[in-house]
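Thanks for coming. Please have a look at the sequence and the structure before I go through a few local features.

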Amino acid sequence: MRVLAAILLLLLTACTSSTPEPVRLKMLASTELADLGPVLAELKKATGVELAVEHRGTVEASRSLAGFDLAWLSTTRFLRLRGAEPELASSVMTSPVVLGVKRGSRAVLGERPTWADVADRAALGQFRYGMADPRVSGGGMAALIGVATAAAGTGAPLRPEDVSCDRLQGFLAGRVFDVPDPVDEFARRSDVDGLVAHESELLSLNASGRLAEPLEIVYPRDGIVLSDYPLMLVEPAHRAAYDRVVEWLRSPDAQRMIAERTWRRPVEPSVVRNEKLRADLGTALYFPDSQEVIDRLLLFHDRAGEGRQVIFVLDYSTSMRGPRLAGLREAFASLNGFDRFYVGETVTIVRFAGTVLEERSVTVRGKQDLDALLAVVASDDLRDNTAIWAALDHALGLARGETAVVLMTDGENNAGPSVNEFLRVGRGEVPVFPIRFGEASTAELDRVAQASGGRLVEAGAKSLLEAVREIRGCR
């Protein structure tokens, strides 16, 4: 009887034990979550749930969750755009996408720059940085969203028409690399001023001892994209195990462990944060609600690089004297900086009246090149007559590779070939964007624009900016 009683007691103890049933689940996780290995080991001890993890970039991972029981990505937003977001998701921690900047480069950006400031310095070759590949990484895509949102200036989620490739290309002119693992790439290089990444990745890098001096963390004041790292249930049959995992991960002890080991911000308010995790994040930027916006961001990212040329054909006939010439200079000067000319772009100016008066080409490497272009535009050398189509023909002969032309004139063509003679030889390889001042013929300018694939716009700084947005591959 005593033996039977002991056996019954053991069986009863086993049936009432608090030790959960072991289970092994397959989980897809963002690449940067590879640092959670020790946390997942503790999770297995506490809950009996073992997570077999496969890591991919967030953008890449969001294309399909098939074959996995759980998913733990930096955000569900990419899944939401595809209508593929799982019904059950719980945020476990947060981390903003920000900049880590070398101390010697911080002054270039200012105390708390905007994304626009960063793009401005990058466009002029004053700030060189690394980032994650936005085709696979949520962090890399967040950088593009930040710059594009700052450029749009709407204070709302980006629409397809808000995504301006010229502004993104100014930012991307400073990009030294975008790779799946930008932290490791940055740590082994000395030719980069900063790194765009999650705050957690930058703080972990600082604490690793791999850098000669720690990076200064910069939180752009016009807003950040915040990753909230939701754990998602993909296979509903594992709901019970999923609930155990979420309950443990959101417990104060686990939240404290995550913060201490990975530098991500806990979502549990009772957990005291490290001083470095208390920085004010400012405004959270809206995430685009259209896949078309994401596609356009990637399109312009892939097009960015050196080798583009913009040719300005500027009317310096005597009829431009006074307010019109002042307007031309103002419009041109408005292109000097953020989202306009950028490092690696070749800019050519052709000044004309009855003949070509001056031709100047500069491949932009810094502010001194922009100053040289402004000096050409500042010329007071005005002459009689207006040979619009001869000057435009000359400019088209200078085109090399991917080129577009901006034509600025106020008058009627009264020298050289007529518009019919100009068009007779066949046009269309290089888009022409006429900017009309004064009495210039709308009909003739529009004919040339339409024949070339460009567009006619009215005079003014805003109009010129609109035209330049298109000539950098935005068509």
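Does Asn-385 count as buried, partly exposed or exposed? At 43% relative accessibility, Asn-385 counts as partly exposed. Buried means under 20% relative accessible area, exposed means over 50%, and partly exposed is in between, with a 1.4 Å probe and protein chains only.

Before I go on, the sources. This is a predicted model, in which local features need pLDDT of at least 70 and side-chain atom pairs count only at pLDDT 80 or more, while totals for chains, interfaces and linings use all residues. Residues are numbered from 1 along each chain as its sequence is written, and side-chain values use heavy atoms, with hydrogens and water left out.

Back to Asn-385. Its phi is near 75°, a positive value in a residue other than glycine. Most residues other than glycine have a negative phi. Asn-385 lies in the loop between helix H15 (367-377) and helix H16 (388-396). Helices here are DSSP runs of H or I with at least four residues, strands are runs of E with at least two, and both are numbered from the N terminus.

Trp-263 also has a positive phi, about 65°, and is not a glycine. Trp-263 is in the loop between helix H12 (252-262) and E12. With a relative accessible area of 15%, Trp-263 is buried.

Next, the aromatic rings. How many aromatic pairs does a search of the whole structure find? The search finds four. Rings of Phe, Tyr and Trp (its six-membered ring) pair if their centres lie within 6.5 Å; planes under 30 degrees apart count as stacked, over 60 as edge-to-face and the rest as tilted. Phe-78 and Phe-287 have ring centres 5.1 Å apart and planes at 90°, so this pair is edge-to-face. Phe-78 lies in helix H4 (residues 77-81) and Phe-287 in the loop between strand E12 (265-266) and helix H13 (291-303), so the pair ties together parts 209 residues apart in sequence. Both Phe-78 and Phe-287 are buried. Elsewhere, Phe-127, Tyr-129 and Phe-171 form one aromatic cluster.

Now charges over rings. A charge sits over a ring if NZ of Lys or CZ of Arg is within 6 Å of the ring centre and within 35 degrees of the ring normal. The charged end of Lys-26 sits over the ring of Phe-68, 5.0 Å from its centre. Arg-264 lies over the face of Tyr-229, 5.2 Å from the ring centre.
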